[in-house]
Amino acid sequence: MPSPFTPEHQLLRESFRQFVETEIKPHVAEWEANKICDREVFRKMGERGFFGVSFPEEYGGSGMDMWSAVVISEELTKANVGGLAMSLYAHTYLPLPAICALGTEEQKQKYLVPALRGEKIAALGITEPGAGSDVGGITTTAEDKGDHFVVNGSKMFITNGTLADFILLAVRTGEGHNLSLLIFDTDTPGFSATPVHNKLGMHTSDTGQLYFHNCQVPKSALLGQKDMGFYYIMNNFQEERLIAAITGTASAEHALEKAKRYMHERQAFGRPIAKFQVLRHKIAKMAITVEACRSLSYRAVQEFIEQGPAAYRIISMAKAFVCEEAFYVVNEALQIHGGWGYMEDYGIARSLRDIRLMTVGAGTTEIMHEIISKIELDNVKHEKQLLKTRT
Ligand SMILES: Cc1cc2nc3c(=O)[nH]c(=O)nc-3n(C[C@H](O)[C@H](O)[C@H](O)COP(=O)(O)OP(=O)(O)OC[C@H]3O[C@@H](n4cnc5c(N)ncnc54)[C@H](O)[C@@H]3O)c2cc1C
């Protein structure tokens with residue numbers, strides 16, 4: 001595959017690389033210790049136009065293609081702070097694509113434009129204490145009161161949950177799969193959020209539990225059509241999963257590069273450990289895995305550019321494969337660092353903690369396998385048709 005990156009992408013890469021050096025890396029230790037990043041990094045990202053690279057120019061974006069999001073993801077991964085990357089993606093690629101695709105002009109001006117500028121922080125609220133993979137099982141309700149909805153319930157594990165100014169919120173508006181999406185302002189009376197701190201990794205990201213108690217939401221907050229939320233969510237997952245695959249690939253490559261460097265530096269039995277064949281072969285297998293991850297995820301990006309969410313087969317494959325394999329690569333990189341890998345000094349310990357989430361978040365590996373096996377075995381034509389008509 002020839003490089004998909006144009007000179008414009010290259011310029012973006014250089015300018016974002018500089019941003020990562022000056023505005024992100026110096027703050028990582030503080031954010032990880034505080035278990036949250038600050039609002040300032042959102043503002044700076046927005047001010048420099050990095051949130052909007054793949055969004056339309058009319059809403060403050062740069063109008064570039066999805067490869068620009070790949071550039072941002074690859075460079076951000078070099079800061080080795082998965083929690084920040086997750087917070088920034090949960091802002092940009094979880095709620096905003098749906099608002100951009102389905103929102104009214106008023107909604108776009110009110111939420112999309114300030115979010116791309118980094119002036120408002122966004123989150124996506126689907127998961128609940130009792131329902132994650134089973135999106136159709138959510139119980140947070142939005143009762144239709146004529147000119148407004150009344151929202152009651154709670155959400156769990158929501159990235160940017162306590163920082164967010166607005167949340168794209170999945171609510172039940174009827175039986176079965178009759179869900180809807182509301183753009184929910186977090187200053188609505190009856191709303192509260194508490195941080196979830198006891199996480200294995202992704203420490204820089206703000207994870208919240210959200211509570212809704214008789215929250216009155218205007219009808220103008222409805223995104224798209226009432227009761228169509230389930231299908232909107234299924235489409236919206238594609239961008240999130242694509243970003244997960246790209247980030248997983250970049251994280252695996254980052255760990256591989258660290259392991260290679262360390263093997264040349266570290267001496268054992270009177271020689272660099274890079275001389276031991278067993279470790280050399282580990283590197284070979286890790287390098288093959290990274291290339292396979294890149295091929296699959298880049299192909300998924302290309303198909304997404306061509307087909308949008310209808311590319312869900314290859315996106316699900318990339319998400320499942322990369323997230324599992326990235327964990328393998330980072331784990332091997334830690335092994336190559338020996339005891340030092342287990343310490344915080346080389347950053348591999350943090351990489352391992354952070355990468356572990358990838359097979360769970362944005363749809364578990366088992367759910368990806370369910371989607372793929374359905375396509376492979378059952379209803380290819382039927383599902384594709386559904387996705388097209390519901391976009
Ligand atoms: C740090 C963090 C950040 C997150 N950020 C967000 C966010 O911003 N917004 C948001 O909405 N959610 C977020 N999530 C939630 C995340 O998407 C869910 O945790 C994930 O979808 C899994 O849901 P669950 O935890 O309820 O697990 P469950 O759905 O209960 O799954 C438990 C196990 O059962 C398996 N399983 C379930 N159903 C099936 C099936 N049909 N077939 C086979 N196996 C199955 C799963 O694969 C898993 O192994 C976040 C989670 C974490 C930990």
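In the predicted model, helix H8 covers residues 229-265, and its 37 residues should span 54 Å at 1.5 Å a residue. Of the 37 residues of H8, 26 are buried, so the helix is largely enclosed by the rest of the structure.

One of the elements packed against H8 is helix H4 (residues 66-77), with an angle of about 35° between the two and a separation of 9 Å between their axes. The crossing of H4 and H8 is right-handed. On the H4 side, the contact is formed by Ala69, Val70, Ser73, Glu74 and Thr77; on the H8 side, Ile243, Ile246, Thr247, Ala250, Ser251 and His254 take part.

The largest nonpolar core comprises 114 residues, among which Leu182, Ala300, Ala326 and Val330 touch the most other members. Helix H10 (residues 312-336) supplies the largest share of this core, with 16 residues. In soluble globular proteins, nonpolar side chains tend to be buried together. When neighbours within four places in sequence are set aside, alanine 300 is in contact with Leu242, Ala245, Ala311, Ile314, Ile315 and Ala318.

Helix H10 itself contains 25 residues and extends 36 Å from its first C-alpha to its last, close to the 36 Å expected at 1.5 Å a residue. Most of H10 is covered, 20 of its 25 residues being buried. Glycine 338, which follows H10, has a positive phi near 55°.

Positive phi values also occur in residues other than glycine, including lysine 35, where phi is near 60°. Lysine 35 is placed in the loop between helix H2 (28-34) and helix H3 (39-47). This residue has 18 C-beta neighbours inside 10 Å and therefore counts as partly exposed, since burial requires 20 or more. Asparagine 160 likewise has a positive phi, near 70°, and is a residue other than glycine. The position of asparagine 160 is in the loop that lies between strand E3 (148-159) and strand E4 (166-172). Because 28 C-beta neighbours are found inside 10 Å, asparagine 160 counts as buried.

Terms used
Residues numbered from 1 in each chain as written. Predicted model: local features only at pLDDT ≥ 70, side-chain atom pairs only at ≥ 80, totals over all residues. Helix = DSSP H or I, 4+ residues; strand = E, 2+ residues; numbered from the N terminus. Expected span 1.5 Å × (residues − 1). Buried ≥ 20, exposed ≤ 12 C-beta atoms within 10 Å, placed from the backbone. Core = buried A, V, L, I, M, F, W, Y, C linked by C-beta atoms within 7 Å. Contact = placed C-beta atoms within 7 Å. Axes fitted to C-alpha atoms, helices over the stretch in contact; angles between N-to-C directions. Left-handed = near helix turned anticlockwise from the far one by under 90°.
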